[in-house]
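These are my notebook entries on one structure. I set down what I looked up, in the order in which I looked it up.

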Amino acid sequence: MLNAAKLYTIAGMTLALSCASAAPSAAGTLESVKQRGVLQCGVSEGLFGFSERNGVGDWSGFDVDFCRSVAGAIFDDQSKVAFVPLSAGERFEALRTGRIDLLSRNSTWTLEREAGLGLAFAGITYHDGQGFMVMRDLNVSSALELDRATVCVESGTTSQLNLADFFRANSMNYEERAFPSAAEALAAFETGQCKVLTRDQSALYAERLKLPRPSAAVILPDVISKEPLGPVTRADDPAWFTLVKWVNFALVNAEELGISSRNVAEATASHKPAVRRFAGLEGGLGRLLGLEDAWALRAVQAAGNYAEIYERNLGVESRLGIPRGLNQLWNMGGVLYAPPLR
């Protein structure tokens with residue numbers, strides 16, 4: 001007997017979900033990953049600073065490093081990751097059907113995506129917001145000057161929905177040019193098919209670098225949405241979700257405690273209770289996650305603490321040059337705040 005199905009439209013995508021089960025059972029994801037010997041991690045197809053592959057096939061980026069941190073926590077080996085490049089349109093289905101164990105692909109946390117697709121966002125790794133990029137010769141300095149503009153946007157994204165909301169809320173008109181991939185949207189912007197490109201601001205910084213003359217384009221200061229980006233798991237394996245969530249928290253806590261990939265040996269010799277718990281010397285917390293007690297230290301050793309990962313891939317000394325802003329620790333003027341490991 002076939003299960004009855006419900007149709008959900010999520011960011012422009014219509015998906016049929018079984019009322020009985022939205023995806024194959026993900027129970028025992030950690031056990032499956034351990035038996036396979038590799039973490040299958042979904043990333044973007046190519047976004048500077050977040051996930052990109054060089055000429056010899058090596059991956060790097062903010063989202064890539066999170067995958068390596070999870071692999072480090074599980075295997076004590078950051079190389080045990082198989083990166084699966086996914087478009088915006090296929091990313092959630094790849095997770096739901098078990099093609100990947102974890103999605104770490106600049107994805108915005110929304111109610112529809114959790115409740116409608118049976119997913120679970122394991123916290124926020126990057127606080128972003130949607131913006132607009134224009135060519136300098138358009139001579140505009142605010143998004144409120146974009147009435148009747150032609151706007152390129154990637155279909156199947158929250159950017160497409162936010163775009164409509166922004167113009168409607170400000171009683172402005174626009175012509176949408178939607179494309180199935182970010183690369184096609186950028187190409188259309190570059191060739192003048194549209195005067196404006198809209199994406200998360202972090203992505204716009206990355207896309208600008210791909211233009212023949214990056215200095216000819218400007219990212220407007222307007223931020224029109226909240227875009228909390230973070231890793232995603234299936235919702236039917238709470239133990240796996242908890243593990244991924246606490247790797248996220250561990251990277252933030254490591255920065256706050258002063259633990260980095262360069263001083264892990266010092267952490268194991270510390271007398272501070274919080275550091276000793278983090279290093280797995282006290283508390284026995286690893287068993288609660290199905291991991292060795294040194295899991296958090298291994299996650300940091302794999303790719304660094306949050307600050308190291310951010311600065312290497314996105315920060316002011318990187319190609320993107322994005323100030324940390326909201327992504328500073330809570331006690332440094334930002335909003336990053338992680339529960340304690342205890």
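**Entry 1: domains.** I noted at the outset that the model is predicted. I looked up the division of the chain and found domain 1 (29–125 + 230–324) and domain 2 (129–227). I then looked up the separation of their centres, which is 29 Å over C-alpha atoms.

**Entry 2: the interface.** How many residues of domain 1 are in contact with domain 2? I found 14 residues of domain 1 in contact with 15 residues of domain 2. Together the two domains bury about 1200 Å² between them, with 62% of this area on carbon and sulfur atoms. On the domain 1 side, I recorded Leu47, Phe48 and Thr108 as the residues that lose the most area to domain 2; together they account for 37% of what that side buries.

**Entry 3: polar pairs across the interface.** I searched for salt bridges between domain 1 and domain 2, and the count was zero. Two residue pairs in polar contact do cross the interface, both at pLDDT 80 or more. I sorted the residues of domain 1 that touch domain 2 into six nonpolar, four polar and four charged.

**Entry 4: the record.** I consulted UniProt, where an unreviewed entry lists residues 38–267 as "domain: Solute-binding protein family 3/N-terminal". Over residues 38–267 I read 35% helix and 24% strand, and the end C-alpha atoms lie 27 Å apart.

Key: Residues are numbered from 1 along each chain as its sequence is written. This is a predicted model: local features need pLDDT of at least 70, side-chain atom pairs count only at pLDDT 80 or more; totals for chains, interfaces and linings use all residues. Side-chain values use heavy atoms; hydrogens and water are left out. Domain bounds come from an automatic or database domain assignment. Contact means heavy atoms within 4.5 Å. Buried area is the accessible area (1.4 Å probe) that two parts lose on being put together, summed over both. A salt bridge is a side-chain nitrogen of Lys or Arg within 4 Å of a carboxyl oxygen of Asp or Glu. A polar contact is a pair of N or O atoms within 3.5 Å; within protein, one must be able to donate a hydrogen and the other to accept it, and residues adjacent in sequence count only if both atoms are side-chain atoms. Ala, Val, Leu, Ile, Met, Phe, Trp, Tyr, Cys and Pro count as nonpolar, Asp, Glu, Lys and Arg as charged, and the others, Gly among them, as polar. UniProt positions are given in the numbering used here, feature names are shortened, and annotations may be inferred rather than shown by experiment. Helices (H or I, at least four residues) and strands (E, at least two) are DSSP runs, numbered from the N terminus.
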